[in-house]
Amino acid sequence: MTEVRAKKALGQHFLTDQKVARAIVDALHGGLPTLEVGPGMGVLTQYLLEREDIDLKLIEIDTESVEYLLTHFQGMQGKLMEGDFLRLKLEKLFPEKFAIIGNFPYNISSQIFFKVLDYKDSIPEVVGMVQKEVAERIAEKPGSKTYGILSVLLQAWYDIEYLFTVGSGCFAPPPKVESAVIRLTRNSRTSLGCDEALFKTVVKTAFGQRRKMMRNPLKPLALARGKADVLSQDIFSQRPEQLSVEDFVALTNLLD
Ligand code: SAH
């Protein structure tokens, strides 16, 4: 079988640079069952299979890629699943802790990270290639323009490392944007010190109007919770991009 024809709708940009592929696989600390998201033609898979500390499973949505992997790699039966990562019941597949790795389809990279958050206590490590901008956003500290919802939510639970940038020439077909590899390692936090669901709501609502003082976007929420009195406090005069995880925890407690 010849190579897989790249399908734009599936975010298919195949990595062709072997050094980069190896560096991504090397970035995984390992020692855990591991799920590769979107293996495509297996450029990462080949190196993952070499690692004896990794029990690999793969999820790929594209039938043509699945057929390619089945014909080019041994032992794919029982490891490779055809389907949508976003719909996968991860707790069934991995009763214990597991890691995630992949050159993620860029059109769903944020959704992939939101799903990681849903399973944060089962996922100690993620190594992923994403759009450079998304990588920067996720790794960014407060005070920067790109600091956003995913930065706060992920940094609450993970240590984030921006590992390296990958130019578009390393892919076929080349994407329009640069890419970057990041590593997420679960931190030691076991609870936030506030209501978790409300924390998420507060972060998402605050960044809904990121250029405004938080008093504006959070007013309806405060009123609905009978907490109008706290809106005069100084913290509500800041913009969301200035707040650390701890600040958002404090803010959540004010509104609880
Ligand atoms: N890992 C390969 C392919 C990266 S492109 C490489 O580095 O070359 C992204 C891959 O994710 C494609 O193979 C695409 O088919 C797959 N994909 C896209 N959406 C997916 C989804 N929802 N679930 C699983 N795989 C998906």
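How many bridges join strand β6 to β9?

1. Basis. This is a predicted model, in which local features need pLDDT of at least 70 and side-chain atom pairs count only at pLDDT 80 or more, while totals for chains, interfaces and linings use all residues. Residues are numbered from 1 along each chain as its sequence is written, and side-chain values use heavy atoms, with hydrogens and water left out.

2. Strand β9 and its partners. Seven bridges join β6 (residues 125-131) to β9, and the two run antiparallel. On the other pairing, β7 (residues 158-166) is joined to β9 by eight bridges, also antiparallel. Strands here are DSSP runs of E with at least two residues, helices are runs of H or I with at least four, and both are numbered from the N terminus. Two strands pair if DSSP finds at least two bridges between them. Gln 131 stands opposite Ser 179 of β9, and Ile 160 stands opposite Leu 184 of β9.

3. Cover of β9. Of the eight residues in β9 (residues 179-186), seven are buried. Buried means under 20% relative accessible area, exposed over 50%, and partly exposed in between (1.4 Å probe, protein chains only).

4. Residues around the ligand. The ligand has 21 residues around it, and Leu 15, Gly 38, Glu 60, Asp 84 and Asn 103 come nearest. A residue counts as near if one of its heavy atoms lies within 4 Å. Strands β1 (14-15) and β3 (56-60) each supply at least two residues of this shell.

5. A polar side-chain atom of Asn 103 lies 2.3 Å from a ligand oxygen atom. A backbone N or O atom of Phe 85 is 2.9 Å from a ligand nitrogen atom. Taken alone, the ligand exposes 570 Å², and the protein buries 97% of that; these areas come from the Shrake-Rupley method with a 1.4 Å probe, and for residues only the protein chains shown count as cover.

6. A cis peptide bond. Ala 172 and Pro 173 are joined by a cis peptide bond, with omega about -10°. Pro 173 is found in the loop between β8 (171-172) and β9. Most peptide bonds are trans.

7. Leu 90. This residue is in helix α4 (residues 90-93). Leu 90 is buried because its relative accessible area is 0%.

Key. Polar contact = N/O pair within 3.5 Å; in protein donor to acceptor, adjacent residues only side chain to side chain.
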